[in-house]
Every structure is written in C-alpha cells, then in structure tokens.
Amino acid sequence: MEENIKEIVVGEQEDYVINMGPQHPSTHGVLRLVVTLKGEIVKNVEPHIGYIHRGIEKMCESITYPQIIHLTDRMDYLSASINNESVCLAVEKALEVDIPDRIKVIRTIFSELTRIQSHQLFWASYGMDMGGQTCFFYGLRDRERILDIFEETTGGRMLISYNCPGGLMYDIHPNFQKRVKDFIKYFRKVLPEYDAILTGNVIFTSRTKGIGHLSLEDAISYGVTGPSGRASGFSCDVRKHEPYSAYDRVKFNEVLYTEGDTFHRYLARIEEMRESMNIIEQLIDNIPEGPYAVKMKPIIKLPEGEYFQRVETSRGELDTFVISDGNKNPYRIKFRTPCFVNLGVLNHITRDFKIADLIAIAGSLDLVIPDIDR
Amino acid sequence: MDKEKLAEIVKSLIPGAEIKQGKNYVEVSVGNADLFSAAMILRDNPETLFDFLISISGTDYASDMGLVYHLESTKFRHMIVLKTRTSGRDNPVIDSVCGLWKSAEFLEREIYDLLGIKFNNHPDLRRLFLDSSWGFPLRKDYVDDINIVSK
C-alpha cells in the first residue's frame, strides 16, 4: 500500500495546459495561446488564431483595386496609412505611373506620423501590461494630437484611407504643416517623459532585460522583421534597403541593437519615434508644389503579370504580391503581413521563461491580431 | 550584385531551372520535385546566401497550383523569386522548406489551410485559421454558401 503513495509536489511531476485568451486583456485582441506549463515555467506556446479571419485575400479577388485600399486598412489598423500605400505603390508600379514629388513627400510624412502614433499606442499599452497605468494616459494623450492632424486633412482618424492609386484623395489642409511642426516641437519635449516614467523604471527593466532573447540567426530564420527583428541586429528596414516614396532623399538611422531581448525590442520602438521625427522634419518644410493626384483611368486594369511591393509598416515588412490576369480585379493578391510571421517566433522565445514573462515577451512583439488573421 | 550576374550564377548552380529576368527580380522556375534541393542550394551557396525567406504565396491556376517563394540575402541584399507548380490540383503535394527557414512553418500552414496544398516533412501540418469543416477558400472552385460575392 505504501509503495503506491507518491509524494506529489504540485507542478513538478506533470505538465499542465492552460488556455490564455481569446479574451484576455494583454493579448490585445482575440489571440488564443494554449500554454503548456511545468510549474510556472513555460514549456510550449501554441497560438490558435483565426477568430477574426475575414478572408481579405479572397474578398480582394472580387473587388477593384481602388476598393482594395479600404480593406487593407483593416489588416494592421495601427499602420493603416502604410498598408494603403503598399497597394497604391504596387498598382503604380504595374501601370508604370510617374508619381510627382509632392505626393511622395506627403505620403512619407503620413507614413511616419502613422508610425509614431502606432509606437505611442505600443508604449501606452505595453506600459499598462507591465503595471504602469500612467503610461496609458500619457501615450493616448499624445497620440490624440496626431489623430487630430489626420482628422483635419482626411476626415478620418485611424482608418484614414488617404492614399489612392495615382496619388492622394485630397490635398493637405492649409494648417497641416504648422500643426505637424507644432506636434514635433511638443513631442520632442515630452518624449523624455516616456523614458523617465518607464524606460528607466527599476521594476520595468528587471522584468524585461535579459528576457526572451532572440539571436540574430533565429531572427533571420524566423523572418522576424520590424523593430523586433532590428533589436536582434537583423538589418531589415525596407526604407533603407529598397527605398520607396521619398525615403531615398531623407537621412535617418536604422535603429539596430545586438542584445535581442524584450527590453531592446521596446527600446527600438522608442528610438524609431525619434528617427521618424527626424524624417518628418526634413520633409515638412520642403513639400514641393504640384498636383496631389495623377489622373488615372476610371477603371484600373493591371497588365498581365506579377507585381511585388515591399513597404515597412510600424511592425515590420508588409509585402503585397499581386498576380493579375489583365482584369479590373486581381487574380490573386497575397499580403505578407509582419505580425503573422512574427507570431511564429513566440514559442521559440518564451520557452523556459516564467508565465508572467510570457506577457512581457508577447507584448514586446507588438502583435496586432487583425494583421495576423486577415 | 546586379541581376544579370545573379542569373548567371543561379544558372550554373541549378542547371535544370528556367531563369527569367523579371521587371524587378530574377525569377527561377523549377520542377516540384527539385524545389527543396534548389532552395537548399540557393540558401547555402556562398555566392547566393538567400537566408531570409520573405514570403510564400500559393495560387490556384485552373490546371494546377503555383507556389512562389520570395527570398532575400541579408548579406548581399539581393532578391530572387523561386517558382514551382504542383502536378495537378486534386492532391497537390510539395516538399516543405521548414528545414531551411523556420518561418516556413507558419507560411506553409496558411497555404495548406486556404489552398489545400500538402507539404511533405512539415512538422505540424494542421488547419490554421479555419476548422476542418471548411473547404479551401482560395481555390477558384470554392463555393461560398454563406456570403456569396458575385464578380
């Protein structure tokens, strides 16, 4: 009888499985993670996705190119303007349309403002994940200023759909330049507050430094792009390597670190906000005169062939791959979205860390769930 | 490296491939049986070193399925497009490249889920977004009973 009785220490003998999400405050959407634990050590993370799979690629096959623009907003809703630009550039590349400088410069400014507001929201929500409620208020307070600028010119705040094939929907508002300059002046002043409240915080740094390490080889092999990849030293900035719009005429640094831990993935985003402000400052006073849109045919038909366009969203590389059979809608359109590929690395970098670190690591990848599901 | 030189190198490395100069990138078409070996040569050869798999795109053509691999070298910064076609579309099977690039695991699962292309030697080939009651929505003969979108 005694032989059968084993001393059971909770969590040591067997792995057990818990379900995180799909409704969980720190997954920022409907991401479901099935986590295998040994004690509180994470042994395996299996993402179950598809809760908001809308079949955007399938829907695109039955609509026209100008209509597709409005669907791409709904992928990564925080990089909406950059997603639009990706499709516009692919269409313009296929039709070999020359885009005037004015459009290129305005598109670049909008892309960078989008990147800043996206990183502000990342900072706000990541701070909250780590227990700093104040971050959320600070981040959203500053993000509101950018959304107001968007609203004045485009009428929309988040999903602005400002780009269209051949240019922009409408010209910039007369106040645009002044308001952007005011914002940069303001944000340069408050960005050190971000560092003071979170970057240097002892609780925050001890929860993030040395956690979730991703090596350079793995970053390349897993295809982790964007600030998450650059924190591991993977030079993957499309703006540098394959410049589009006006990125070939501005000077900026690609933010690269070699550490590859959670803290540096966070830091890369903070530094990118500074670089984005540098880019905007170089362009805002030099917006060339000219038309805000090139006249396109009322029905856009792409010549038969395959077109590939890479852009850098705030989370990594977004690629639009269009296969056209000469009709007004694409035969096949494929979006390589950054979050979908970045999610693949989550199991690898969370293994053997604590369950509380899972929140910190998953948050540092800055996943946007509609971008994963599409 | 310019495109002409890259095309020459690839031609000498993969003799059976059909090489075309695309508008922006060199395009290499191989048979479906040679895909894995061609991908391995492109990744490991010191002159090409395509270590970054950008994306895999699957397409349903009427007679067969097409797969397009976009590769980039992080050292030389050149890009190449690797293409293949499956034999038929009833039971398309292709070798997985998971052993070469880890990002392929998710990208191939997505293609299996939406197009029904099976991958040999894939460690975990299951449906990703949809459950098994669905057909393969990105196939051209897929009938959407719920939400019919007319062309």
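Me: Happy to walk through this predicted model with you. Where does A:Arg32 sit in chain A?

Reply: A:Arg32 belongs to strand β2 of chain A, which covers residues 32-38.

Me: And why is A:Arg32 called partly exposed?

Reply: A:Arg32 has 18 C-beta neighbours inside 10 Å. A buried residue needs 20 or more, and an exposed one has 12 or fewer. The value 18 lies in between, so A:Arg32 counts as partly exposed.

Me: Which residues is A:Arg32 in contact with, leaving aside neighbours within four places in sequence?

Reply: They are A:Asn19, A:Gly21, A:Pro22 and A:His48. Each of these pairs counts as a contact because the C-beta atoms lie within 7 Å. As for A:Met20, twelve residues away along the chain, its C-alpha atom is separated from that of A:Arg32 by 5.7 Å.

Me: Now the sheet in chain A. What makes β6 and β8 edge strands?

Reply: The open sheet has three strands in the order β6-β7-β8, with antiparallel pairing. Strands β6 (305-313) and β8 (332-336) each pair on one side only, and that makes them the edges. From one strand to the next, the twist averages 10°.

Me: How do you know that β6(A) and β7(A) pair?

Reply: Pairing asks for at least two bridges. Nine bridges join β6(A) to β7(A) (residues 316-324), so the two strands pair, running antiparallel. Within this arrangement, A:Phe308 stands opposite A:Phe321 of β7(A).

Me: Which helix packs on that sheet?

Reply: Helix α3 of chain A, residues 80-95, does, touching β6 and β7 of chain A. The direction of this helix makes about 150° with that of β6(A).

Me: Let's turn to the nonpolar cores. What does B:Leu82 touch, not counting residues up to four places away in sequence?

Reply: B:Leu82 touches B:Val28, B:Val30, B:Ala38, B:Ala39, B:Leu42, B:Tyr69 and B:Leu71. In the largest nonpolar core, of 87 residues, B:Leu82 is one of those that touch the most other members, as is A:Leu367. Helix α3 of chain B (residues 104-115) gives this core its largest share, seven residues. A second, separate core of 49 residues includes A:Cys60 and A:Ile280.

Me: Finally, how many residues does each chain bring to the contact between A and B?

Reply: Chain B brings 23 residues and chain A brings 25. On the chain B side, β3(B) gives the largest share, six residues. By class, that side has eleven nonpolar, seven polar and five charged residues.

Conventions:
Residues are numbered from 1 along each chain as its sequence is written. Chains are lettered from A and ligands numbered from 1 in the order in which they are written. This is a predicted model: local features need pLDDT of at least 70, side-chain atom pairs count only at pLDDT 80 or more; totals for chains, interfaces and linings use all residues. A nonpolar core is a set of buried Ala, Val, Leu, Ile, Met, Phe, Trp, Tyr and Cys residues joined through C-beta atoms within 7 Å. Helices (H or I, at least four residues) and strands (E, at least two) are DSSP runs, numbered from the N terminus. Two residues are in contact if their C-beta atoms, placed from the backbone, lie within 7 Å. Ala, Val, Leu, Ile, Met, Phe, Trp, Tyr, Cys and Pro count as nonpolar, Asp, Glu, Lys and Arg as charged, and the others, Gly among them, as polar. Axes are lines fitted to C-alpha atoms, for helices over the stretch in contact, and angles run from 0 to 180 degrees between N-to-C directions.
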